[in-house]
Amino acid sequence: MLRLNDIVERVNSYLPEADVEVIKRAYVYSAKVHSGQKRSSGESYLGHPLEVAGILADLRLDLSSVVTGLLHDTVEDTLATLDEIEALFGKEVALLVDGVTKISKLPFTSKIEEQAESFRKLFLATAKDIRVVLVKLADRLHNMRTLEYLPEDRQKRISKETLEIYSPLAHRLGIYWMRTELEDLSFRFLNPEEYENISKLIAKKKKEWEKYVESVKGILEKQLIEFGIKAEITGRFKHVYAIYNKMQTQNLEFDQVHDVIAFRIITSSLRECYEVLGAVHSAWKPVPGRFKDYIALPKGNGYQTLHTTVIGPFGERMEVQIRTQRMHEIAEYGIAAHWKYKEGSIEAVESDKIYASLRQLLEWRDIKDPTEFLEAVKGELIPNMVYVFTPKGDLKELPNGVTPVDFAYSIHTEVGNHCTRARVNGKLVPLDYKLRSGDTVEIATLPDKKPSRDWLRFVITSRAKTKIRSWLRTEEREQSKLVGKSICERKFKQHGLDYQKMLKSGELNTPLSELGFKEIDEFYLALGYGKVSVTELLKRILPKERLEGLPEKESMLERIIQTLTRSTNSGVLVKGFDDVMIRFGNCCTPLPGENIVGYITRGRGITIHKHNCSQLLDVDPARKIDVAWDRGFKEPRPARIEVICADRPGILSSITRSIASSDINISKAEIHSTDDERAIGTFEIAVSDLNQLEGVMKSIKRLKGVISVERILGAEEI
């Protein structure tokens, strides 16, 4: 376990004038309030805040940050209060501790809602003080280092969250060493077999790679001496997750990944960076299209380096990165490298761009749906970027794969909403065209042009998706209100009532209130969505004999209700309906054991989706309805899986036997071979619930020759 003196020594190394007594007081306080608490490993809980403070000291952060590291869990996990923290350690530390404290004590309806609200709070606090997210990252890093002591389901959930949010956050802040460690740790728990396999292959190659690095370093040193340049040269290997990612995205075997080694050359001046580039290119031929000048065009997180790929001395592709010592510090410490210390205080310098990019996360704070909020945050944190220009030459940094519609919404919501065509480098292109770095994009708009639901099929930025969904929902709500109003007026007329007169006089206020509606628009909306009947309102206005005595024409609403109440045996219970027509969304194919939600579809009953199905993000939440699995229903549900394996005799038989041994029927199977001696099999199977599906997938994955097993989800327009 890290010792207090270790932390004090680290802080003294970069803050020699700091009052380290406050660190000692924070340690004593943390030890006192955490007394008797143990971690899942069985070790004293105090070891965790000590390690977090140590990571913050490694980042060379200020005294308040290190103290917060020691105190970050006190309010959340002990009887300590923020008032007590402020009284003992000052307002600044109290605000930081509050910022990293989760909202775990409030009543939430689901885990995803709790997760969304905690991140919402984190980003709001980060907007006020960026040190909050740095403390949170240090906390998550140590938790990931000790994740093996938790149950497997929690390991996977925490690792998935880390890979999707915390690792990209570290990247956004420019702390690359932390990003890579978080990625590798997440990969280790999400896919332990692949992690172990690649780690062993790396270990076998390590001596060979080290020999190669020393050989190339010698050649580079001689080349730089000829050019009269003094520089530091190092070689580094790609980390496990980066190699795995390349194997998956480019469909490669381990031995086919050639640029595993990268060389870094650190110079003393900006001018020498370009001189070194010339020396490298004069020695070896550069690979066309693989040169990137991040010095002239820095990344949004402040990263500056020249990247080039050359055909090296042994005929292998070789990446070379060239930067100054200052650029290297920024790449290592990220935003922390932009801070300087004066008389015990922090002054942020040169970090406006990083702060601005992180503040973009606040744009999504008003999204109420927790699934949509988390999707927006993840989309905003996509690390791979392209750099495109406006017609005036302004640079836009956008996620890789963006289209002109994404670009239009990055300019302004109105530009996106009224986007009609786009020119890239002077040429007309389709709106789903994929932009590339260096493109100049010009957007044409028309006042009567409106967003299309089809745009959601190809836009990738959170901003574009959210703005399009917002517009579509508003349109849908307005149309549904008009439908509801029309039904209401027609129904009242059938019963000889002057609807408009009763509405203006206020006669409908009480019956509407009894039905749970504060205003008439809410009633129109529920009526238009088929969630309520006009008859329910009329029952509170007319005498029973008059209501029963008049003939009623079947309205569109009645047809919807009749459709909804047809009997089915689906295994799903719908709140408010005893008998209802159910269908399952092909887009997410929910299984018993997964959280589900219903969606009212006119004329087609209620469609059941997984609670986090991306299709539900495109619809008005007012059309959702509470549903639950009927635990007494045991009939199997269909699921589809894709198995990628080596194309060798007997493997298909092994896979089918593995499925059959789990007492699962195969209703359909399709197999085809690929050019790289692999086979891809798609199996439609019948399973009782999510646990059975996950069990058979694990069983198949253990078979020799199987590369991956994935659940396949369909696509459906709501």
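In the predicted model, strands β3 (residues 292-293) and β4 are antiparallel and are joined by two bridges. Within this pairing, Lys292 has His307 of β4 as its bridge partner. Strand β4 itself spans residues 306-311, and five of its six residues are buried, so the strand counts as mostly covered by the rule that buried means under 20% relative accessible area.

Strand β4 also pairs with strand β5 (residues 317-324). These two strands run antiparallel and are joined by six bridges. One of the facing pairs is formed by Val310 and Met318, the latter in β5. Strands β4 and β5 form a hairpin with five residues between the strands. In this hairpin, Gly315 adopts a positive phi near 80 degrees.

A further set of pairings involves strand β19, which covers residues 637-646. Its pairing with strand β21 (residues 678-687) is antiparallel and extends over 10 bridges. In this pairing, Ile641 lies opposite Phe683 of β21. Strand β19 is also joined to strand β22 (residues 706-712), here by six bridges, and the two strands again run antiparallel. Glu642 is placed opposite Glu710, a residue of β22.

The next element considered is a pair of helices. Two packed helices are described by the angle between their axes and the distance between the axes. For helix α27 (residues 651-661) and helix α28 (residues 690-701), the angle is about 150 degrees and the axes are 9 Å apart. Because angles over 145 degrees count as roughly antiparallel, α27 is roughly antiparallel to α28. The residues that make the contact are Ile655, Ser658 and Ile659 on the α27 side, and Val696, Ser699 and Ile700 on the α28 side. The crossing of α27 past α28 is right-handed.

Cysteines were examined last. A disulfide requires a pair of cysteine sulfur atoms within 2.5 Å, and by this rule the count is zero. The accessibility of two cysteines was also computed. Cys419 has 0% relative accessibility and therefore counts as buried. Cys645 has a relative accessibility of 4%, so Cys645 counts as buried too.

Key: Residues are numbered from 1 along each chain as its sequence is written. This is a predicted model: local features need pLDDT of at least 70, side-chain atom pairs count only at pLDDT 80 or more; totals for chains, interfaces and linings use all residues. Side-chain values use heavy atoms; hydrogens and water are left out. Buried means under 20% relative accessible area, exposed over 50%, partly exposed in between (1.4 Å probe, protein chains only). Helices (H or I, at least four residues) and strands (E, at least two) are DSSP runs, numbered from the N terminus. Two strands pair if DSSP finds at least two bridges between them. Axes are lines fitted to C-alpha atoms, for helices over the stretch in contact, and angles run from 0 to 180 degrees between N-to-C directions. Angles under 35 degrees count as roughly parallel, over 145 as roughly antiparallel, 65 to 115 as roughly perpendicular and the rest as oblique. A crossing is left-handed if the near helix is turned anticlockwise from the far one by less than a right angle, and right-handed if clockwise. Contact means heavy atoms within 4.5 Å.
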